[in-house]
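Work through the exercises below with the sequence and the model at hand. Try each task before reading its solution.

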Amino acid sequence: MSAARARALLVDIDGVVLKDEQVLPGARELVAWLFESGQRFLFLTNYPSQTPGALAGRFASAGLEVPARHFFTSAMATAEFLDKQAGTRRRAFVVGEGALVHALYQIGFTVSETDVDFVVLGETRHYNFEMIQRAAALVSRGARFIATNPDVAGPAGRPSCGAFAAPIERITGKSPFYVGKPSAFMMRAGLRHMGAHSAEACMVGDNMETDIIAGVQTGMTTVLVLTGVSGEGDLERFAYRPDHVVRDAFALRERLETGV
């Protein structure tokens, strides 16, 4: 992809721009360049519990000014998936927080604990025995099982959606459809959100098992940034490779400036 060719960038947040709430090296300069260069870009996250506005607030707290329109979450992708899948039957039992529920309300879903068509699993700090029991019963009776993302743990070992799905899956024998990375659906949903095509797009991330494989499977150029989950030594474990490997967001900006 030449430097002069139009590009669209999907950039993972944690491990590329932020670590917990701290700005990673070069992230301020990267954000400034994204706006100065006129690139189309989205900051992408598998975490479904924050709205784009809340993510913009998280960035602002770290000193990064990015409007809400530049964020795309697995909750938004899940709503798009269900909007295409649900037809007129739009009742769901939701295990998740406000951002996921709001995204479902926007596409005409009713949240219920009985007689539902879908069990939609996100992330919540209030996950409990009753939720597991009810979700498993509904899935066993035929509700389709959808989960926002397959991550089992977040920062500081915080349990994530994949961990919450495990007991429901074991009880019912039914696996959820995961919408978030590494699913190609989320990648394509993000590209549609920008009005872009995979052939002109680049996926930037820190995790070989989510970000990079998602980009590879979607046909995008991929860049692995070595400030997060995957290190250079991890590359030997995978049959696929990123197109580029950079040490941090400083080097990422340099790579993007010259064209990827």
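The exercises go from the whole chain to single residues.

The model is predicted, so local features need pLDDT of at least 70 and side-chain atom pairs count only at pLDDT 80 or more, while totals for chains, interfaces and linings use all residues. Residues are numbered from 1 along each chain as its sequence is written, and side-chain values use heavy atoms, with hydrogens and water left out.

**Exercise 1. The whole chain**

Task: Describe the secondary structure and the overall dimensions of the protein.

Solution: 
- Step one is the secondary structure. Helices (H or I, at least four residues) and strands (E, at least two) are DSSP runs, numbered from the N terminus. The protein has 9 helices and 13 strands.
- Step two is the extent. A box of roughly 55 × 35 × 35 Å along the principal axes holds the C-alpha atoms.
- Step three is the radius of gyration, taken over C-alpha atoms; the globule rule is 2.2 Å times the number of residues to the power 0.38. For 260 residues the rule puts a compact globule near 18 Å, and the protein agrees because its value is 18 Å.

**Exercise 2. Burial and contacts**

Task: State what share of the residues is buried, and what share of the contacts joins residues at least 24 apart.

Solution: 
- Buried means under 20% relative accessible area, exposed over 50%, and partly exposed in between (1.4 Å probe, protein chains only). Of the 260 residues, 53% count as buried.
- Contact means heavy atoms within 4.5 Å. Among contacts between residues at least 6 apart in sequence, 67% join residues at least 24 apart.

**Exercise 3. Buried or exposed?**

Task: Classify Met-203 and Arg-170 as buried or exposed.

Solution: 
- Met-203 belongs to strand 11 (residues 201-205). Its relative accessibility is 0%, so Met-203 is buried.
- Beyond neighbours within four places in sequence, the contacts of Met-203 include Leu-10, Leu-44, Lys-181, Met-187 and Val-223. Between Met-203 and Val-223 the C-alpha distance is 6.3 Å, at a separation of 20 residues in sequence.
- Arg-170 is part of helix 6 (residues 161-172). Its relative accessibility is 74%, so Arg-170 is exposed.

**Exercise 4. A serine in a loop**

Task: Which backbone nitrogen does the side chain of Ser-230 reach?

Solution: 
- Ser-230 is located in the loop between strand 12 (221-225) and strand 13 (244-246). With a relative accessible area of 5%, Ser-230 is buried.
- The side chain of Ser-230 comes to 2.9 Å from the backbone nitrogen of Met-208.
- Apart from neighbours within four places in sequence, Ser-230 touches several residues, among them Asp-206, Asn-207 and Leu-224.

**Exercise 5. Backbone details**

Solution: 
- Pro-182 sits in the loop between strand 10 (177-178) and helix 7 (184-194).
- Asp-20 occupies the loop between strand 2 (18-19) and strand 3 (22-23), and its relative accessible area of 42% makes it partly exposed.
- Asp-115 falls in the loop between strand 7 (110-111) and strand 8 (118-121), and at 51% relative accessible area Asp-115 is exposed.

Methods
Polar contact = N/O pair within 3.5 Å; in protein donor to acceptor, adjacent residues only side chain to side chain.
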